[in-house]
Amino acid sequence: MDVTIAKVDEIIGRYGKTEESILAVLQDFQREFRYVPEEGMKRLAGVLDVPESRIYAMGTFYKALSLEPRGKHTVKVCMGTACHLKGANQILEAIERGFSVKRNHTTKDKNFTVESVNCVGACAMAPVIVVDEDYHGHARSSKVVDILKKYN
Amino acid sequence: MKKVKIVINGKTVEGVQDQSVLSLARENGMYIPSLCYNAEVQSSGGSCRVCLVEVHQGKSMRVVTSCNYPVREGIEVKTDTEFVRKIRKGVLELLLCRAPESSEIKELAARDGITEPRFFTDGPDVHLKNCIACSLCTQVCEDVVGVSAISMVNRGREKQPAAPYMKASNACIGCGACAYACPTGAIEMTDTPDARTIWGKTFEMQKCSVCSTPFIPKEQAEWIIKTTGKDRAFFEKCPTHR
């Protein structure tokens, strides 16, 4: 969804005008816009009369909030011990090359956000990648790009 | 203001209940190294871990940060035992890895016999090279200056002080208090005859009407006028010509 001042105001209006609402509003920004826009944080600071620096600190602290637009799909590449030994790095590099994207960033077409994560708890099928809710076990660096191309 | 007596390094000293062990030790001329503590900033301290001391109470002993440990009747403090030195050495070695070029940390580390840390010194990906992320600058900005122009952003290794959105801050008044307070001199501030640059923002300087020496950023003068009601004429002359 595009970021508009009207939408930003609507989200801010859902909560009380107190400092406790900051996190709730930021989470709603994330849900609606798939990121926390700078304009949103500025507006929120103005409405609540809280320093922008405090809101920015919160926005950068939480992993669940992203300051750049996230992709339609989230690709998690497991870097846990088992996956690491089975070549998770090559898989991550294959994705980075295949979609010209750096880890923990989003592809230009905003389709994928690629993340490295520490363990998804599926070590028996290492190496694992998780696309949204789908687990792809025994991943191979030669195949991952084809797997991801099915997601649009 | 309850007076209490405690023992520091075998010497009995008198202090006020709940003042910090560090401040009482310093009042009595005893040296405890510290970086992130600043007596003028209430919320400061507790993050650099350099001011560790042993606190004995009855049979128990704890190692605590003296900058925020309250003085209570009957405690005994030891500031320079082998155990304290050993722990502090480890702390300084890690700080040296984070800020290998900081002369302040190098000096402290050298006192404890560390010149080369054993660990990686490539440092995290932060914009301030000598920063140890102690938050003193952001506390000064919030509690003393009162503008909250900067805050600690990100977390973990990448935690660092920065202005919102990593851009020049609208709130910053260019007072430079953060740079003066920084224990490792990590914050860059450049003064030229006409302007001061800090946190990526350039400030026009107010010049003295007598000697035309620049002495305060105009935005800072405006801030002081706004918050304290001080007379505008006060900022026309530098402190020497007032």
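Okay, let's start with helix 4 of chain B, residues 136–145, which is mostly covered, with eight of its 10 residues buried. Before I go on, this is a predicted model, where local features need pLDDT of at least 70, side-chain atom pairs count only at pLDDT 80 or more, and totals for chains, interfaces and linings use all residues. Residues are numbered from 1 along each chain as its sequence is written, and chains are lettered from A and ligands numbered from 1 in the order in which they are written.

By buried I mean 20 or more other C-beta atoms within 10 Å of the residue's own, with 12 or fewer being exposed, partly exposed in between, and C-beta atoms placed from the backbone. Helices (H or I, at least four residues) and strands (E, at least two) are DSSP runs, numbered from the N terminus.

So who's buried in that helix? Going along chain B, we have B:Leu136, B:Cys137, B:Thr138, B:Gln139, B:Val140, B:Cys141, B:Glu142 and B:Val145. The cover includes strand 6 (151–153), strand 7 (160–162) and helix 5 (177–181) of chain B. Just after helix 4 of chain B comes B:Gly146, with a positive phi of about 85°.

Now over to the strands of chain B. Pairing here takes at least two DSSP bridges between two strands. Strand 3 (residues 52–57) of chain B has six bridges to strand 4 (residues 60–65) of chain B, in the antiparallel sense. Those two make a hairpin with two residues between them, and B:Gly58 in the turn has a positive phi of about 60°. B:Gln57 has B:Ser60 as its bridge partner in strand 4 of chain B. Strand 3 of chain B also pairs with strand 5 (residues 76–78) of chain B, antiparallel again, over three bridges, and there B:Val55 stands opposite B:Val77.

Zooming out, chain B is divided into domain 1 (3–80) and domain 2 (136–241), with bounds from an automatic or database domain assignment. Their C-alpha centres lie 32 Å apart. Eight residues from domain 1 of chain B and eight from domain 2 of chain B make the contact, meaning C-beta atoms, placed from the backbone, within 7 Å.

Last up, the two chains. Nine residues of chain A are in contact with 12 residues of chain B. Which element gives the most on the chain A side? That's helix 4 (residues 52–61) of chain A, with seven residues.

Conventions. Two residues are in contact if their C-beta atoms, placed from the backbone, lie within 7 Å.
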